[in-house]
Amino acid sequence: MLAFAMNSVLCRLALTRTRIDAASFTAARLSCGALVLALLISLSRKRRDGGQPSWISAGALFAYAAAFSVAYLRLSAGVGALILFGAVQLSMTSWGVLRGERPTAVGWLGLALAVSGLVVLTLPGQAAPDVMSASLMALSGVSWGIYSLRGRGQANPTSTTAGNFIRSVPFVVVMWLVSPHASHPTEGLLLAALSGGLTSAGGYVLWYAALRGLLATQASVVQLSVPVLTAALGVLLLGEHISLRLAAAGALILSGIALAIRSPQRR
């Protein structure tokens with residue numbers, strides 16, 4: 001979850017403090033992630049055994065990363081992460097319920113608290129985020145939820161993640177070709193490479209491995225710790241401020257996480 005939080009910070013840092021554009025950041029991020037994972041696979045004894053990458057998962061990965069980068073042009077790190085993982089939770093929990101997972105009453109209460117935190121954050125007002133950026137970040141969250149659900153139970157998460165990253169490269173090439181580019185984005189490219197090669201590639205491998213022991217409803221709620229980590233890192237590394245609205249939303253979400261994780265699940 002710390003790796004996921006750093007993705008938000010690195011993206012926001014690159015887009016606001018350097019000259020890189022969103023398309024170039026996305027292309028560099030996913031391409032570097034694919035390169036690092038391909039190297040890991042080449043050095044691994046397991047090679048590609050057990051890996052099950054797919055074009056659908058690669059498309060979901062690209063949609064997540066592209067919408068993520070564009071949305072962060074106008075969203076702070078903490079607000080963007082709250083919207084992102086709120087959408088992740090809703091999509092994954094909805095799928096889990098459709099598949100027969102049934103939270104207890106306490107689990108439903110935790111879910112309600114977490115969702116109410118997202119509602120508090122996005123209510124109209126002076127401190128409300130940009131509507132278009134918030135919508136793009138919600139799309140990013142749904143795409144990440146789909147990607148996470150498709151990755152559950154993978155026998156070889158490293159191989160699967162590598163295959164999905166490699167398959168996402170054609171998508172980002174097309175995005176880069178049709179988008180306008182900023183000049184002299186060298187520093188931003190370095191941050192994108194760090195995001196792709198370390199906090200994305202490494203973080204996603206760990207996440208796929210962790211998904212083996214989590215129900216969809218539990219996995220969705222665990223990820224809601226990321227916005228709190230992101231907000232804290234945003235204050236420390238980006239000089240962002242935590243508003244009363246963000247603090248209230250974060251408190252509701254953390255309370256929801258605590259209740260949902262402690263609540264037993266049933267089918």
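**Exercise 1. How do helix α6 and helix α8 cross?**

Task: Find what angle the axes of α6 and α8 make in this predicted model, and which class of crossing this is.

Solution: 
- Start by locating the two helices: α6 covers residues 131-151, and α8 covers residues 186-211.
- Next, take the axes, which come within 9 Å and cross at roughly 55°.
- Angles from 65 to 115 degrees would count as roughly perpendicular, and those under 35 degrees as roughly parallel. The angle here therefore makes α6 oblique to α8.

**Exercise 2. Which residues bring α6 and α8 together?**

Task: List which residues of α6 meet which residues of α8, and sort the contact by class.

Solution: 
- On the α6 side, look for Trp144, Tyr147, Ser148, Arg150 and Gly151.
- Their partners in α8 are Tyr204, Trp207, Tyr208 and Leu211.
- Sorted by class, this contact of α6 with α8 has six nonpolar, two polar and one charged residues.

**Exercise 3. How does α4 sit against α6?**

Task: Describe the crossing of α4 and α6, then say what classes of residue form their contact.

Solution: 
- Helix α4 spans residues 77-98, and its axis comes within 7 Å of the α6 axis.
- The two axes cross at roughly 45°, which makes α4 oblique to α6.
- This crossing is right-handed.
- From α4, the contact includes Gly80, Ile83, Leu84 and Trp95. From α6, it includes Ala134, Met137, Trp144 and Ser148.
- By class, the contact of α4 with α6 has 13 nonpolar, six polar and no charged residues.

**Exercise 4. Is Ser200 buried or exposed?**

Task: Place Ser200 in the fold and decide how it is covered.

Solution: 
- First find its element: Ser200 lies in helix α8.
- Its relative accessibility is 0%. Buried means under 20%, so Ser200 counts as buried.
- Leaving aside residues up to four places away in sequence, Ser200 touches Asn7, Arg29, Phe165 and Ser195.

**Exercise 5. What does the whole chain look like?**

Task: Count the helices and strands, and give the share of buried residues.

Solution: 
- The protein chain has eleven helices and two strands.
- Along the sequence, their order is α-α-α-α-β-α-α-α-α-α-α-α-β.
- Of the 267 residues, 51% are buried.
- The accessible surface is about 11,800 Å², with 68% of it belonging to carbon and sulfur atoms.
- Among contacts between residues at least 6 apart in sequence, 92% join residues at least 24 apart.

Notes. Residues numbered from 1 in each chain as written. Predicted model: local features only at pLDDT ≥ 70, side-chain atom pairs only at ≥ 80, totals over all residues. Heavy atoms only, no water. Axes fitted to C-alpha atoms, helices over the stretch in contact; angles between N-to-C directions. Helix = DSSP H or I, 4+ residues; strand = E, 2+ residues; numbered from the N terminus. Parallel < 35°, antiparallel > 145°, perpendicular 65-115°, else oblique. Contact = heavy atoms within 4.5 Å. Nonpolar A, V, L, I, M, F, W, Y, C, P; charged D, E, K, R; others polar. Buried < 20%, exposed > 50% of the residue type's maximum accessible area, 1.4 Å probe, protein only. Areas by Shrake-Rupley, 256 points an atom, 1.4 Å probe, with all protein chains shown as cover. Left-handed = near helix turned anticlockwise from the far one by under 90°.
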